[in-house]
Amino acid sequence: MNKKALYNLTYGLFVIGAAKGEKKNACVINTAIQVSGEPVTLSVAVSKNNYTHDLLLEGKKCAISVLGENVSMDTIRHFGFQSGSEVDKLAQFPHQTAQNGAPYITDGAISYFAGHVKQTLDIGTHTIFIIEVDEAENIGEDTPITYAYYQKVKKGTSPKNAPTYDASTEKKGFRCSVCGHIEEVDELPDDFTCPVCKQPRSVFVKL
Ligand SMILES: Cc1cc2nc3c(=O)[nH]c(=O)nc-3n(C[C@H](O)[C@H](O)[C@H](O)COP(=O)(O)O)c2cc1C
């Protein structure tokens, strides 16, 4: 199998928010697609390692924000490279709550869809959720971002839990566990601080 053929599949980029009671969280996904129109139904694939997965499985409610090309890389790092099991990602980030209680982000997003889980399919590492949409709105003017634009123009990468993760393109060096920045060096100096989020050397993990 030539896995490079997978590079020619196209996707958008989204933040999916889930709610279970008072608990709320959100993460980046590239796997939202419309699968039927009557009723409007989407599917998403979410890794079982993600905190969002458990909230979605148990709470059965979500809101999906469609990201625009001008979304900041800080937003992608914030929702795509750290887990809500360790930090409250929504605490200081501009967001709204859909009628079903699920959060959607407003910075960098151009539309949102809120809905409930109709079906799930266990596919091993990920669960596919079938979402029936109850609410949808346009909230921004930007062009929707594609995964190719994210990679080629914004020079973005995907972490392990993304289905598009490709170990063969993984960089060598150290990754900041707070913001996802990768420093491509053999060793980090003792007084090193992350050039993006200013965290100390101790938060870096070797790749
Ligand atoms: C570009 C990009 C695409 C991603 N796509 C997916 C995806 O489709 N499904 C998924 O489960 N995780 C995906 N991820 C990974 C999650 O966003 C990441 O594991 C996140 O830290 C999970 O956060 P949580 O534990 O708070 O849910 C993607 C991340 C990035 C940066």
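Of the 29 residues around the ligand, which come nearest? In this predicted model, they are Val-28, Ser-47, Thr-52, Ser-83 and Gly-84, where a residue counts as near if one of its heavy atoms lies within 4 Å of the molecule. The model is a prediction in which local features need pLDDT of at least 70 and side-chain atom pairs count only at pLDDT 80 or more, while totals for chains, interfaces and linings use all residues. Residues are numbered from 1 along each chain as its sequence is written, and side-chain values use heavy atoms, with hydrogens and water left out.

The side chain of Ser-83 places an N or O atom 2.6 Å from a ligand oxygen.

Helices (H or I, at least four residues) and strands (E, at least two) are DSSP runs numbered from the N terminus, and two strands pair if DSSP finds at least two bridges between them. Strand β4 (residues 40-47) is joined to β9 (residues 126-138) by seven bridges in the antiparallel sense, with Ile-128 of β9 as the bridge partner of Ala-45. Ile-128 also stands opposite Leu-121, in keeping with the eleven bridges of the antiparallel pair formed by β8 (residues 109-122) and β9. These two strands make a hairpin with three residues between them, and Gly-124 in the turn has a positive phi of about 100°. A further hairpin, with two residues between its strands, is built from β3 and β4. Here β3 (residues 33-37) runs antiparallel to β4 over four bridges, and Gly-37 faces Val-40.

A separate look at β10, β11 and β12 shows an open sheet of three strands, ordered β11-β10-β12 with antiparallel pairing. Its edge strands, β11 (182-183) and β12 (204-206), each pair on one side only. Two bridges connect β10 (residues 174-176) with β11, and Arg-175 has Ile-182 as its bridge partner.

The largest pocket holds about 790 Å³ of space, and of its 31 lining residues, Tyr-7, Tyr-147, Gln-151, Thr-164 and Asp-166 are closest to the centre. Helix α3 (residues 147-152) gives the most to this lining, with four residues. Domain 1 (10-152) and domain 2 (171-206) each supply at least three residues to the lining of the largest pocket, the bounds coming from an automatic or database domain assignment.

The second largest pocket has a volume of about 600 Å³. Its lining comprises 36 residues, with Asn-50, Gly-80, Phe-81, Pro-159 and Asn-161 nearest its centre. Strand β2 provides the largest share of this lining, four residues.

Terms used:
On a 1 Å grid over the protein atoms alone, a cavity is a set of points where a 1.4 Å probe fits but cannot get out, and a pocket is an open set with protein on both sides within 12 Å along at least five of seven lines; lining residues have an atom within 4 Å of a point. Grid points are joined across faces, edges and corners, and a volume is the space filled by probe spheres set on the points. A polar contact is a pair of N or O atoms within 3.5 Å; within protein, one must be able to donate a hydrogen and the other to accept it, and residues adjacent in sequence count only if both atoms are side-chain atoms.
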